Structures are given as structure tokens and as C-alpha cells.
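Dear colleague,

Please find the structure below, handed over for your own work. The findings follow it.

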Amino acid sequence: MGLLGDDVPFARALTAQECEGVMALGSRRRFAADDHLLTEGDRSSHVVIVLRGWVTVSVSTDRGNTRLILGLRGPGELLGEMAALDSRPRSATVRALGPTEAQVIGGDAFRRHLATHPRVGSLVMRQLAFRLRSADQERSALASLTVLQRLASRLDELSRAEPSGPYTPAAPGPARSGALVHLAQDELAATVGATREAVAKALRLLRSQHVVRTGNRMVEILDPDLLALLAHGHAEAGSPGAQRE
């Protein structure tokens, strides 16, 4: 499972000249917390490049108002490219987690630029391929892993973030003891495709085994080694984690 974007975001993979050329196509906009940068089903075709802040990428589900969070995206990430390329409705909603700045580029201008700058176009294609592979992994995890395994995997991933920001991708390695994940229980549930009640049960089990400590919109990792074992199904976790809600 993977919630964070590629290790090399789109804008950071560009040369200085390429980045200047892409940014010149649009204008900078500021978004408040909870603002939509892109909205699922909308027929707009512009793209956005996150400059500052973090956003969630989510889709609607069959559970009424419940949404499934597909990803957390930060500075340098390109979003909305699918609608720009195929002119079909938006496939997901992008929402600001906090104050966010982004470069907004019209779809027509973006397509023309890709046609005349093949290396930039190849980076867009690479990003699309990476995200499609990640989506396949997510679907497999939803079908085959328990709620506890999915939650442990997600906490393990997010706890390996750099200290400079709770969602900054870090180099591969073990989670850090004492690392904090700054998401509420309903947000965690949305990242693993489970109900809030199922995630609350899984968290209670992790607390009882002293794997995590929870607070207001916070999960602290106390035993990263056991968390990693649970994420990969190498440790027994009791009945609450056996649910597939």
C-alpha cells in the first residue's frame, strides 16, 4: 500500500529551465483549508502543481457520504493531468489539508506545452504509470488484507516521514519510535477504506499491545518493529483486526 506520492515529485524532476517554462503557463493561487483544488465529476481541464502545503486525493464510495482517500500530495506534485489529457470528468477530488498554494495551468496550454516538450511529457506519463500501479496495489490490499493490516501498513508508511513535515516522503527504512501521524480516526479510516468503527477497534488493539498511543488527531508510534510485522501479517493481532469492513 502507498499513500504518499512518488519520491521525486513532477516539478522536482524538471530541469530549472523546464520548470520555469511550465510555471510560466499559469498563475499562482492560494487555497484555504478544506478548499477544493479539483472536484470529482467536474468537467474542467486545468492542472495544478502544489507549491506549498498538502492536499488529499479522494473518491466517493458506495457508503453514502464516505470517501476513500487515495493519496496525500505535497510540494512539487502535479494533479489533474488525466482530465487535461482526455477531456473527461474529474476522477477524484483534491482538497487542501491546510493553507495551500498551487500553480494553476489551463488544460489547453498544458497540452500544447507537452506536445512541444517531449521530455516534460515523458515525466507526466511516468507519473501516470506510477499512480496506476499504486492504485492496483491499493485495490489488492482492500480485497486481501484485514483492517488491522491495512491500518498498520498505513501508519508504518506515514510514520517514516521526515521530521520537517508530517507527510514528507523519506528514504526507505524503519519507522521511527515516537513518530507522530497527524490524522483523525475518520481520516485514517478513509485512507484504508474501512469504517471509523473498524479503525477505532483496530486502534484499541494496537494501544492494548503498546504499539501506539493516540490523542486528538494524533497517533504516536511506540513500537515500530511490531507495527511493521503486523502490517505484513507476520504477527498475531487478535480478533478485532480480523475484520474486513
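**Findings**

Asp34 lies in the loop between β1 (27-31) and β2 (36-38); helices (H or I, at least four residues) and strands (E, at least two) are DSSP runs, numbered from the N terminus. Phi of Asp34 is near 80°, a positive value in a residue other than glycine.

As to provenance, this is a predicted model, in which local features need pLDDT of at least 70 and side-chain atom pairs count only at pLDDT 80 or more, while totals for chains, interfaces and linings use all residues. Residues are numbered from 1 along each chain as its sequence is written, and side-chain values use heavy atoms, with hydrogens and water left out.

A second residue with positive phi is Arg217, at about 55°, although it is not a glycine. Arg217 is found in the loop between β10 and β11. Its relative accessibility is 41%, so Arg217 counts as partly exposed (buried means under 20% relative accessible area, exposed over 50%, partly exposed in between, with a 1.4 Å probe and protein chains only).

Val212 stands opposite Ile221 in β11. Both strands belong to an open sheet of three strands, in the order β9-β11-β10 with antiparallel pairing. Its edge strands, β9 (180-181) and β10 (212-215), each pair on one side only.

Turning to the helices, α7 (residues 185-192) and α8 (residues 196-208) pack at an angle of about 105°, with their axes 8 Å apart. Axes are lines fitted to C-alpha atoms, for helices over the stretch in contact, and angles run from 0 to 180 degrees between N-to-C directions. The two helices are therefore roughly perpendicular to each other (angles under 35 degrees count as roughly parallel, over 145 as roughly antiparallel, 65 to 115 as roughly perpendicular and the rest as oblique). The contact (heavy atoms within 4.5 Å) involves residues of α7 including Leu188 and Val192, and residues of α8 including Val199 and Leu203.

Helix α6 (residues 147-159) and helix α9 (residues 224-231) pack at about 135°, with their axes 7 Å apart. That makes α6 oblique to α9. Leu148, Gln149, Ala152, Ser153, Leu155 and Asp156 in α6 meet Leu227, Ala228, Leu230 and Ala231 in α9.

Definitions and conventions: Pairing = 2+ DSSP bridges.
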